[in-house]
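I opened the model today to look up a few things. My notes follow, in the order I went.

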Amino acid sequence: MTEKFQMPNGFVTALLTPDEMAQADRLANNTPALMEAAGRAVARAISRRFAPCRTLALIGPGNNGGDGRVAARHLARAGWAVKCLTPAQATLNDVTRADLVIDALFGAGLTRPLDAHCTALLQAARRLVAIDVPSGLDGATGQPLGFAPQAALTVTFFRKKPGHLLYPGRALCGALVLADIGLPPAVLDTIQPQTLENTPALFTLPTRSPTAHKFSAGELCVLSGSLPGAARLCAQAARRAGAGIVSLAAEHPLIIPEPGILHRQAPLATLLQDPRRHSFVVGPGLGVERAGQALALLTAHPALHIVADADALTACANQPGRLKGVSVITPHAGEFARVFGPPGPNKLAAARAAARLTGAVVVLKGPDTIIAAPDGLAAINSNAPPSLATGGTGDVLSGLICALLAQGMASFPAACAGVWLHGEAATQAGDGLLAEDLPAHIPTALRRALALAPGGSAP
């Protein structure tokens, strides 16, 4: 069944590729005014972060260079010692003498590696502010086209680009400032961008009516193997995220110390006969062979919500067609490569292709997790702290997403919400995070999401 996603009003979280940003500029048809506003915004951002110092603006041939000239003019009026030089005019001595270098060479529209002279100039900069993106960085993929410099600050305009959020671009940009330069949001109605930043603007969390009961969301089953630790983490997260009934389905005895989690020992085929059990997580700690068998049984029932992770993905190595019928898959980079092949430098395109191929929403996990829908819509997450890089956190994410599916959310917004809540819960947990710490912080993350949603009351 095709799920219609409601785009946030005004495309407030849209990410524009360099081509889409160029189209927005053309549609606005007001280049001189936009350039003046952009340069002024760059000068303002620099002045707020740095004390006046010897500054060199490296000026390229296009609009990026024009923005740099305007920024230099505003800084000079404010008393800064500023020099503007083109690459042909600039020497390494000019760069090394400057306390601050403004990279106004090429921006996100560059499609080829920098030449040796421009590379040497940027490498020599002690402290660099980039306009749009550091020159040499692909604004669509976040990948350097050979070399891209490390910026202390990057100032971009109107909407961010995928390369601002995808690593290594996110790190190379340094602090990122998004400036409003008066470009009308209505141009996005024509462009119809298909990439978004993952924020609470993308989803509406489920609510319960006054007459709700524990079966309102159905029973969520986590299939468990003989080593149930991963399945327990998944189940704990599902309960915290609002699933009415959560059970561990295992055909062998288990000791389940957590109150509120049921143990189902009936065969999966028997469990599937009860229509109230419509949401399943398959894979965490299940074993590859059993996960493959269970996946085949589950996908034969088209009305089910299925989240496939871990061993279920390994069971589909080089056979992505076996995932058809699954709602959401949550591979890390290694699991993705086993099923679909290496994602390559364009992770966003790879995730989209996998979603089209399987018909499932793909959550390609990492520090810049990508959520891709089969229709081409994709979101990039930016709130996950490094502390999530520890064993078991992926199991928590699977339970979170499946709990939202069980409560009636469609696959794409449920995946977006689960990924965002996962990152927020980890932020709330702080340093020293263990995967088993995360479920307790999910309620706080839920409240934070509600506060940040459009119409919410964020502090």
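**Entry 1: a charged pair in a helix**

I started with Arg40, which is partly exposed at a relative accessible area of 35%. My scale: buried is under 20% relative accessible area, exposed is over 50%, and partly exposed is in between (1.4 Å probe, protein chains only). Glu36 is also partly exposed, at 24%. The side chains of Glu36 and Arg40 form a salt bridge, 3.8 Å from N to O. I count a salt bridge when a side-chain nitrogen of Lys or Arg is within 4 Å of a carboxyl oxygen of Asp or Glu. Both residues sit in helix H2 (residues 31–49), four residues apart, so about one helical turn separates them. Helices (H or I, at least four residues) and strands (E, at least two) are DSSP runs, numbered from the N terminus.

I noted how the model was handled. It is a predicted model, where local features need pLDDT of at least 70 and side-chain atom pairs pLDDT 80 or more, while totals for chains, interfaces and linings use all residues. Residues are numbered from 1 along each chain as its sequence is written, and side-chain values use heavy atoms, without hydrogens and water.

How many salt bridges does a search of the whole structure find? I got 13. One of them joins Asp132 to Lys161, with the closest N and O atoms 2.8 Å apart. Asp132 lies in the loop between strands E5 and E6, and Lys161 in the loop between E6 and helix H6, so the pair ties together parts 29 residues apart in sequence. Are Asp132 and Lys161 buried or exposed? Both are buried. I also found Asp309 with Lys365, at 3.5 Å between the closest N and O atoms. Those two are buried as well.

**Entry 2: strand E10**

Next I looked at strand E10 (residues 245–249). Five of its five residues are buried. Ile245, Ser247 and Ala249 point one way, Val246 and Leu248 the other. E10 pairs in the parallel sense with strand E9 (residues 219–223) over five bridges; pairing takes at least two DSSP bridges. Cys221 stands opposite Ser247. E10 also runs parallel to strand E11 (residues 261–264), joined by four bridges. There, His263 is the bridge partner of Leu248.

**Entry 3: the core**

Last, I checked the largest nonpolar core, which has 95 residues. Such a core is a set of buried Ala, Val, Leu, Ile, Met, Phe, Trp, Tyr and Cys residues joined through side-chain atoms within 4.5 Å. Helix H16 (residues 411–429) gives the largest share, ten residues.
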